[in-house]
Amino acid sequence: MKTLKINGLIAVVLATILLNACKKDWLNAKPNKALVVPTTVADYQALLDNSEQMNTNYPSLYMLGDGDFEISDADFLSISADQRGAYSWADTKDFYGGLQNGDWITAYATILNANVVLDGIKSIAIDPSSTVAYNNVKGSALFYRSLLFYDLAQESCKPYASSTANTDLGLPLRTSADVNLTVERSTVQQTYDQIINDLLAAVPMLPVKPAVGMRPSRPAAFGLLSRVYLAQQNYSKALLYADSCLQLNNSLMDFNSLSASTMNPIPRFNQEDLFHCMLNNYYVFYYTDLIVDPTLYQSFAANDLRKVIYFIPEGNNFSFQGSYDSDALLYGGIATDEMYLNRAECYARAGNTSAAMADLNALLKTRWLTGTYVDLTAANTDDALTKILIERRKELCYRGLRWTDLRRLNTDPQFQTTITRIANGQTYTLPPNSPNYVLPLDDYEIKVGGLQQNPR
Amino acid sequence: MYKIYTRTVCSPPGYIKKILLVMKITTFFLFAALMQVSAAGIAQRLTLVQKDATLKQVFNAINKQTNYNIVWSANDINGDQKVNADFRDAPLTEVLNKCLENTGLTYAIVDKTVVIKQAEPSILDKIKAALAIPITISGKVTDTLGTPLVGATVTIKGTSKTTVTNVKGEFTINAQPGDVLTISYIGFKPLEIKVSNNTPYLNIALHQDVSGLKEVVVSTGYQDIPQERATGSFAQPIKEMYDDRVSTDVLSKLNGITSGLVFNANTSASQTGLDITIRGRSTILANDQPLIVVDNFPYSGDINNINPNDVESVTILKDAASASIWGVRAGNGVIVITTKKGKINQPLKIGFNSSVTIFAKPDLNYNSNQLDASSFIYLEKYLFNQGFYDSNLSNTYNYPIISPVVQLLAAQRAGTISGDDVTAQLNAFAKINVNDQLSKYFFQNAVNQQYALNFSGGSDKNVYYFSAGYDKDLASLKDNANQRITINAQNTFYLLKNLELNIGLNAIQTNTKSDNTYTQTRGLVFPYSQIADANGNPLPIANVYNQSYTRNATANGFLDWSYYPLKDLGATDNTTKGMDVRFSTGLKYTFIKGLSGEVKYQYENSNLQNRVFESQQTFYTRNLINEYSVVSNGQVIGYNVPLGGILSLGNTNAVSNNVRAQLNYNLSWKDNSITALAGYELSQVSTDFNSSVLYGYNDNNATFTNINPTTYFPLNPGGYSTINSGLAVGGTLDRIRSSFANVAYTYKDRYTLTGSARIDGSNYFGVATQQKSLPLWSVGGKWAVDKEAFYKLSWLPVFDLRASFGYNGNLDRSVTGVTTLFNQSNDPYTNLPFSFISNIGNPDLRWEKTGITNLAVDFGSKNNIITGSFEYYLKKETDLLGYKIFPENAGITSLEGNYSDMTGHGFDISVTSRNLNGGLKWSTTVLFSHATDKVTRFDVPQYPSQVVTEDGNQTGIAPVVGKPVFGIYSYQWGGLDHATGNPVGYLNGAKSEDYSNINQNTPINQLVYSGPARPVYFGGVNNRFSYKGFSLDVQVNYKLGYYFRRPTINYYQITGTPTAFLSVNRDFNKRWMQPGDETKTNVPSLSYPFSYDGSFFYQHSLVNVDKGDNIRLQDINLSYTLSRSSLQRLPFNNLQIFIYANNIGILWRANHDGIDPDAIPAGPYTTPNPRSVAIGLKGTF
């Protein structure tokens, strides 16, 4: 009898185990609580809220060649090959010294994140309660991708010229998260079309005021549209979108409220900041290595507060501390001051001198010691344009914008610039409209991606 | 009525079943059953002609030739008694009468059954016995060579009268004529002698019992297999050496005494624990450590917690036939640990073990990545004159540390101190070696104390084992200590005749006290730094900021910002408490003979609680408070990090549940035997962790102050940061569901075939369902050639062949099949939760598979003088995780997936020789293993600079197809330039100093491949001597056939850490200084600015590659054992006193640089394992 009972007990225990275990769910449990297969709008928003991925390491290698700063010979000899290549506009074969282009790696990784979001949310049904969140996610992903495509185009594609844009080599336009796809280089026209169309689609989806400082917003999308059109030298559209942007947010920071004695005195998420992102942090950008171009520094007047807010003495030279990130990382985002300058330039180019100067003065007034600023005046549109462009270089230094300005202004003989520098006893020169205004692709990308190299 | 323990031979199956069902009820049911078997008509006559037939054979013949059953008790009756049978068609009764003559047995025939029983003594015999006068028998017991056997047992058969031989092997015992003496000794065949009235002095020589010694059982964790029937490759450590070694953990005792197993040194894994490889590497990227099984189930806690005193045996499963029963976790081999249990019908046995181990202080000066003070000062002067320190000296943003020498030089330049004073001070500095003070104030002789006590025993109803252990270890670093208490109770109850219940409870508590002051300090000192004055009073050194800044800070309201290493030593309360509780139970029911079912369950809970309390007395806390202080007009006006201590808490809990249901089947008939098992298993390990940091903590009141973890505060002297809340929480869950089966079939004890199969499923995340499960299988065979009739080699009585083939698996849960995101808290900019792409989808993901072929020969010479085995194996790993490359514009540059393959082969030789077997016994065991691996597919092409940096330490893996996973590669060396002393390399076959080009663009096939970075040949030689109670074990370990990169100077690294501290290699002193030096040295000249590429090239050039081969005297154990047999008044059964020395020294090394290849300096702090000596006592009573 006893044995029967025990037999029965074993049978029950066995049966319980087997039944439990045969449930399909048992092996579907998550191996780590933090892991998730994204399925909801919130999952995708979380991916976009990864600031270190989505808002930092924006392309900036080209900035080493824009002439706004120098480095010591010791630094020149010790920095990595790609930085040396960019700093001295080296030949394609020497440019990367076998290294990969960090800008491409990080920018395309961020684009992949945006594409994962854009691919993923396609299968999410929208209901009225989630429309705002859904739109924010979709609009943001389009915005991020557009900004990165734009930055990469400044680095690796020829300046936009409507006559050749249909044949000039553009970017490989990754618009899917499938890493197995092979994507060839597009044309410059296709690249700009992609950027503009995505941004136009994003504008209505984005909120006027973002819930969180790092997220894209509608003014930021307008601002970026203005920036892109300016690069295309489409000044009427650049004016339109700079204005659209400033209609939504035209606040400016009063530099009198900042303390020049603290390091990196410009606060993060200040009222001018429309979209917050940081440039790829190359070694030479560190304040102990970056030597501000003396003529640039000297161009600031004594009562111009930017002279002490932007710059910090470093040995016998000056370094830059004016990042809108209030930190050592250089700011590469979109801010209202840029929009004032965009609009002013476009007004001037459209012949509206008074509107142009009004924008310029509105901006500069906040930059000078209270009570010392005297409004600038312009004799004609050319004078206005010249003054605006001078102030543009000063106001927007070290944000990665100078390179594109050089590329576009060099097409106008009036504003052509030749950059010359001496490093380790050797003189390097970047003449206007040089093919060296387009950085080469690295060897890896040519080999593995099968992409066509830029002529230099 | 008889009391019968039945043993029936060749009865109809139904009959067997019935008998078994009524086992407890004896005679009545037996007879009832017997009635049913009455079949008539077969003649009761039989024919049997056989000299020296055993009774068993006679009974068998009766069963076969007549239809009578024979019932007899194997317990009461010796079936091996010999009779002379010469029966031709003889009647049954005649056969029985003749055969049972002189055996003391009689028989009764009931119906068709013959019952054999003991003959009742006749009344006459009883009287004789009562009146008998005992006679005294004496004699001497020796082995066949005449060596006395001490402690041999002499028993009068069937009585409890017993004695043991003395030190001369002599004995005396009182007996009756007709008594039978049994003389037995472990490892020898027992002998029986019949006593008569005129028995002379007995000279008894016992023969060694070869088969008895070979009766080794190997355990797979699912079953115990006698080694004779094992087809797979199993290894066990040399038992005596394993037992003799003194260690706080189980696994390190295997080193050098276990065939096929090697301990890797210098790897990142070996820095924090043991890094074990069984038979070479089987994976590139996935887990490379063997599965560790303790008492049937994988162990999920810290294996170092298991008290080695509780371990009965360790078995290594090396090939597929042995290990594939563990399926996807067996890819790197399996280590099966079995703990001690009680024994049936054993009286209470108490064992104890106590030892003290003392370690030498580590030799801080061993490491060559340190420069003496005088050369270091020279270097600093040189750099100072180059302006190297100028930016640091003028840095008022974060006030970096300035060395005392540079401060002096700067003061001299500024004119605030005279040149003579500087020279005098520098001369004083040059005489200092900071290691003297570090060694004196931070180190002590480590001491391990070990105490263990166990009770074991058993009746026929229950067996038990209970043990308690206490370990107290003081580390060589002061204020670091560890305590462990282990309690272990194992019980088996035989509830019913065929029902067995096991219950085990194992509790381990650990308490670890840590202090990191030394690790912090050693990164801050210069070769001439002083941390105490001549009287031993603590001196401050700079930490984080230079002292000119921190000294002035106090005047501005900051807390004391100075750092006194010796005041910080012991000031932090950093304790980790571990609790590991393991409960196991098993129920085994034998349905019918040969068929049993069992259910095993194990629950384990491992908990670790870390508490770090840093009071305001510690530099860490004061520094943090100062950095976050609110400053206005240069004065501190408030605190963002509140005053008080900082308490960091961490808690990790792992719970594992394992359930296994298994059916076992054993059947033997005629010459066949089958052993089979099949079962189903579920295992789950879940872990949870959380942590937090409390600020302004007052340990007396347990109060704290909230901080603001989201705001970016300005820091002093510069920068911005948030305050770390330390909050983290998370959890993981591993599940495996398995079905398994295993069968072994043996024919005539000569041929054995085995097979096993297993299917594993796991919660492998995001993998296609059909790939969640992986079937793995193995087959094996063994041929005992020596048992064949044709086998005639009398000098080689043991000769067996084995072969096996099968698959093991490996899995890495960190990669997933669909795109998965990993969630994190507190984005650094927004504090929002955020996620990142943990894996981009790879739907083809599957498990790694290792196919292993094993071929083996076992041999034993006459009298077992030489025994051993040779095993050869081939491995082929497929679907290994590897990388595939993608263009940058895909958003990833590589993806981990099943893109790689490997192969490997090698052999394990194990030979034991009994050199002397007299009074002095000497035996030698040589273990020699060969293991190679070769990557056959790896998609990502490597850069030369990656390949040369991979030194086998696993910090990065850069495999080259056609070579081992870890190899030593270097740039071709062209000597030093005659004029400049710059290193010269080769570019496209021509000498070149274009380092950047050499480093980046040398094709991989033009790099010099020296050889593997991990030993290809390894093993140990064990010599054991014993004489009387003394025994001596000497173990020599060796590792051969590998290379390492010798540490040398890298000038550029001095730039990397502007303060440089200790980390400049001594090769600096051998540098090229003038033309001509290039004939004497290979160390490049000092020339500033340092070239990254030049330094990198030199460091990774061929001139810095050394052979790793070494032979070391690993350990020696000397013991003396007293046993009661030799010392009658001893209160113990036996008592052993031992002295044990470990890490004794290197006997031979291939390199000439004084480098211990197991401690290759990586960074300035690596030191070899210090020598240790243990003394102790163990015994039983």
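Trainee: How much space lies in the largest cavity?

Mentor: A cavity is a set of points, on a 1 Å grid over the protein atoms alone, where a 1.4 Å probe fits but cannot get out. Grid points are joined across faces, edges and corners, and a volume is the space filled by probe spheres set on the points. In this structure the largest cavity holds about 110 Å³ of space; there are 12 cavities of 30 Å³ or more. This is a predicted model, in which local features need pLDDT of at least 70 and side-chain atom pairs count only at pLDDT 80 or more, while totals for chains, interfaces and linings use all residues. Residues are numbered from 1 along each chain as its sequence is written, and chains are lettered from A in the order in which they are written.

Trainee: Which residues lie nearest the centre of the largest cavity?

Mentor: Lining residues have an atom within 4 Å of a point. Here 15 residues form the lining, and A:Asn264, A:Tyr287, A:Phe320, A:Asp327 and A:Ala328 lie nearest the centre. The lining divides into 10 nonpolar, 4 polar and 1 charged, where Ala, Val, Leu, Ile, Met, Phe, Trp, Tyr, Cys and Pro count as nonpolar, Asp, Glu, Lys and Arg as charged, and the others, Gly among them, as polar.

Trainee: Which helix gives the most to the lining of the second largest cavity?

Mentor: Helices (H or I, at least four residues) and strands (E, at least two) are DSSP runs, numbered from the N terminus. Helix α8 (residues 131-156) of chain A gives the most, with 3 residues. The second largest cavity has about 80 Å³ of space and 13 lining residues, including A:Asp151 and A:Arg227.

Trainee: Which strands make up the open sheet of 3 strands?

Mentor: That sheet has the order β1(A)-β40(B)-β41(B), and its pairing is antiparallel. Between β40 (residues 820-824) of chain B and β41(B) there are 5 bridges, and B:Phe822 stands opposite B:Phe836.

Conventions: Side-chain values use heavy atoms; hydrogens and water are left out. Two strands pair if DSSP finds at least two bridges between them. On a 1 Å grid over the protein atoms alone, a cavity is a set of points where a 1.4 Å probe fits but cannot get out, and a pocket is an open set with protein on both sides within 12 Å along at least five of seven lines; lining residues have an atom within 4 Å of a point.
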